[in-house]
Amino acid sequence: MTANRTHHRRNTNSKTHVQETPHGVDVFQSHWNCQCARCAKKRAAVHRLVDSFSQIPADWIRELAEHQGETLAIPMWGTVFAPHDGSDAAAIRRLCRPIAGAEGDADMESLTASGWEAVAETGILAVTFDEVLLLGIHGAGYDFYADHWEPLYNALGYHWHR
Ligand SMILES: [Zn+2]
């Protein structure tokens, strides 16, 4: 019902007949849900990047660290991501910087103590463990693609969608 109404309004307002879905933003000023061809291509490219990462249960990493006599704090999300592609990993390492505002935040302080850093302004955390770059997200219950993975794709300067 809602969809029909929207469709109808769009048609009556447009002066010319438009074949393609127009580019637009949602209520959060995000293009993430835009159905136009350009955004759909970009979404596919971001998914391609993330799909190329190995997904590793955080508990495995924690146990591995314990076996090596280390305590490794892991971000909240129960899966960590390991980029396979060496050039992705190198580019992500170049974006790493100390986590801002970690002081006074117990979680962030322990993550920092375990060597986690922030990946640019993506909200993604990164650590090198056993010479492998691991990515983690200290959050849950929202869309990681829109809030983290698309910003990562942008920060890496990739243009696979063009
Ligand atoms: Zn669009």
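This is a predicted model: local features need pLDDT of at least 70, side-chain atom pairs count only at pLDDT 80 or more; totals for chains, interfaces and linings use all residues.
The protein chain contains six helices and six strands. Along the sequence, these elements follow the order α-α-β-α-β-α-β-α-β-β-β-α. Of the 162 residues in the protein chain, 20% are buried.

Two hairpins involve strand β5 (residues 124–129). In one of them, β5 pairs with strand β4 (residues 117–119) in the antiparallel sense, over three bridges. Within this pairing, glutamate 117 lies opposite alanine 126 of β5. Four residues separate the two strands of the hairpin, and alanine 120 in the turn has a positive phi of about 45 degrees. In the other, β5 pairs with strand β6 (residues 132–136), again in the antiparallel sense, over five bridges. Here phenylalanine 129 stands opposite valine 132 in β6. The hairpin of β5 and β6 has two residues between its strands, and aspartate 130 adopts a positive phi near 55 degrees. In a regular strand, side chains alternate between the two faces of the sheet.

Leucine 134 also belongs to the largest nonpolar core, which comprises 24 residues. The members that touch the most others are Val80, Val119, Ile124, Leu125, Ala126, Leu134 and Leu135. Two or more residues of this core come from each of β2 (79–83), α5 (106–113), β4, β5, β6 and α6. The greatest contribution is that of β5, which supplies four residues.

Helix α2 (residues 37–51) and helix α6 (residues 144–155) pack at an angle of about 85 degrees, and their axes lie 10 Å apart. Angles of 65 to 115 degrees count as roughly perpendicular, and α2 is therefore roughly perpendicular to α6. On the α2 side, the contact is formed by Ala45, Val46, Leu49 and Val50, which meet Tyr145, Trp149, Glu150 and Tyr153 of α6. By class, this contact of α2 with α6 includes seven nonpolar residues, one charged residue and no polar residues. An α-helix has 3.6 residues a turn, so residues three or four places apart point the same way.

Alanine 44, located in helix α2, counts as exposed because it has 11 C-beta neighbours inside 10 Å. The C-alpha atom of alanine 44 is separated by 7.6 Å from that of histidine 161, although the two residues are 117 residues apart along the chain. Glutamate 20 occupies the loop between α1 (2–13) and α2, and is exposed, with 9 other C-beta atoms within 10 Å. Beyond its neighbours within four places in sequence, glutamate 20 is in contact with Cys36 and Ala37. The C-alpha atoms of glutamate 20 and alanine 37 are 7.7 Å apart, while the residues are 17 apart in sequence. Helix α3 (residues 58–67) has one buried residue among its 10 and therefore lies largely in the open. Glycine 69, which follows α3, has a positive phi, near 75 degrees.

Terms used: Residues are numbered from 1 along each chain as its sequence is written. Axes are lines fitted to C-alpha atoms, for helices over the stretch in contact, and angles run from 0 to 180 degrees between N-to-C directions. Angles under 35 degrees count as roughly parallel, over 145 as roughly antiparallel, 65 to 115 as roughly perpendicular and the rest as oblique. Two residues are in contact if their C-beta atoms, placed from the backbone, lie within 7 Å. Ala, Val, Leu, Ile, Met, Phe, Trp, Tyr, Cys and Pro count as nonpolar, Asp, Glu, Lys and Arg as charged, and the others, Gly among them, as polar. A residue is buried if 20 or more other C-beta atoms lie within 10 Å of its own, exposed if 12 or fewer, and partly exposed in between; C-beta atoms are placed from the backbone. Two strands pair if DSSP finds at least two bridges between them. A nonpolar core is a set of buried Ala, Val, Leu, Ile, Met, Phe, Trp, Tyr and Cys residues joined through C-beta atoms within 7 Å.
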